[in-house]
Amino acid sequence: MLTVSAALCRVGHVASFGQLSAAGLTGRQLRAAVQTGGINRLRRGTYACAHLHPVLADAARLGAAVTCVSALRAAGVWAGNDRRLHVQVRPNASHLASPHELGSTVRYHWERPRFPAVTPWWTGPLQSLWQAMHCLDEENAIAAMESAVHEGFLTAAEVTRLAGLAPRRLIDGIRRLDFASGSGNETIVRLRLQHAGYRVESQAFVPGMGHEDLVIEGCVGLDVDGRQWHGEDRFAIDRDRDIHVEGLGRRALRIRTAHIEDTWPHTLAAIDRVVADALREQNRRVGRVVLTVDDPLDALPQRYRRQ
Ligand SMILES: [Zn+2]
Ligand SMILES: [Zn+2]
């Protein structure tokens, strides 16, 4: 016979008493499973197994559905820095639990949802991103939209559809949407550089070294360390790339989260300087008919080449 816990797993790790009794389980069986620790009773009439994501469990405890930045973050999508639990309150909600029981602050969304909920405890990907586009500032909203595609949370077509429903303040950022972006930090830096007037390409392919996060004015590579990159392996890979970039005679910079969040004016000033130097150097080389291409010989007019 199916255990209570296995029955919960089958329906997505959380269920109402109604769902479980429709599956043939009795109140007595549920109480026994709660007592032995096999399942958790999140609130009256709501049960979960041990696999339920903690964010969904918190929302269910409140009697609401996880949405917005909390749903994005739980799915590994860029969600900015707001760590409050964002929940959608159902129009017919009654007896919302006190957030004090969770030990975290809660942002309630009382507005009528734009898209139907996927389950009573999760509003679903479309509603979550639509809500986040309204909750986040411009650069984080655009980063969330690009990250949603990168992480496979939504398709490019779905995000493009949401872009048509975006608040007006996002129009400029939406014009610059680029689903090639590899991380939220990368999107934010690209947007800031574009606002500063630079021509910036995402995930540009550089012969002999693969993809660079951003290439500014076609001459300076910029690697933006995502928050997920840590550890020995990454350190070694980064150093290998650095030496290779230098070998190609290209200018390259590597920045990390603190350079974006805490010291951006200083970071931008450094980028300005490196790009100006690289452009000057490029012009000088062009003047001498030695271009920065894969094989410098390719840039030379035919008459200069050895036959
Ligand atoms: Zn489960
Ligand atoms: Zn929100």
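This is a predicted model: local features need pLDDT of at least 70, side-chain atom pairs count only at pLDDT 80 or more; totals for chains, interfaces and linings use all residues.
1. A residue is called buried when its relative accessible area is under 20%.

2. The partners of β5 come next. Strands pair through backbone hydrogen bonds, in a parallel or an antiparallel sense. Strand β4 (residues 65–66) runs antiparallel to β5 and is joined to it by 2 bridges. Ala 65 is the residue standing opposite Gln 88 of β5. With strand β6 (residues 106–109), in contrast, β5 pairs in the parallel sense, over 4 bridges. Here Gln 88 stands opposite His 109 in β6.

3. How many aromatic pairs does the structure hold? There is 1 aromatic pair. The pair is formed by Tyr 108 and Trp 110, whose ring centres are 5.8 Å apart. The angle between the planes is 35 degrees, and the pair is tilted. Tyr 108 counts as buried because its relative accessibility is 19%, and the limit for that class is under 20%. Trp 110 has a relative accessibility of 59% and therefore counts as exposed, the limit for that class being over 50%.

4. What is the order of the strands in the open sheet of 3 strands? The order is β1-β3-β2, and the pairing is antiparallel. The edge strands are β1 (14–16) and β2 (40–43), each of which pairs on one side only. From one strand to the next, the twist averages 30 degrees. Between β2 and strand β3 (residues 46–48) there are 3 bridges in the antiparallel sense, and Asn 40 stands opposite Ala 48 in β3. Helix α4 (residues 54–62) lies across β2 and β3, at about 50 degrees to β2.

5. Helix α10 (residues 184–195) deserves a check of its length.

6. Is α10 mostly covered or mostly uncovered? The helix is mostly covered, with 10 of its 12 residues buried. Among them are Gly 184, Asn 185, Glu 186, Thr 187, Ile 188 and Val 189. Arg 190, Leu 191, Leu 193 and Gln 194 are likewise buried. Just after α10, Gly 197 takes a positive phi of about 100 degrees.

7. The charged end of Arg 192 sits over the ring of Trp 264. The distance from that charged end to the centre of the ring is 5.1 Å.

8. Two backbone angles remain to be noted. Most residues other than glycine have a negative phi. Gln 203 has a positive phi of about 45 degrees although it is not a glycine. This residue is placed in strand β7 (residues 200–206). Gln 203 is partly exposed, because its relative accessible area is 24%. Glu 217, also a residue other than glycine, has a positive phi near 50 degrees. Where does Glu 217 lie? Glu 217 is in the loop between β8 (210–216) and β9 (220–224).

Definitions and conventions: Residues are numbered from 1 along each chain as its sequence is written. Chains are lettered from A and ligands numbered from 1 in the order in which they are written. Side-chain values use heavy atoms; hydrogens and water are left out. Two strands pair if DSSP finds at least two bridges between them. Rings of Phe, Tyr and Trp (its six-membered ring) pair if their centres lie within 6.5 Å; planes under 30 degrees apart count as stacked, over 60 as edge-to-face and the rest as tilted. Buried means under 20% relative accessible area, exposed over 50%, partly exposed in between (1.4 Å probe, protein chains only). A charge sits over a ring if NZ of Lys or CZ of Arg is within 6 Å of the ring centre and within 35 degrees of the ring normal. Axes are lines fitted to C-alpha atoms, for helices over the stretch in contact, and angles run from 0 to 180 degrees between N-to-C directions. Contact means heavy atoms within 4.5 Å.
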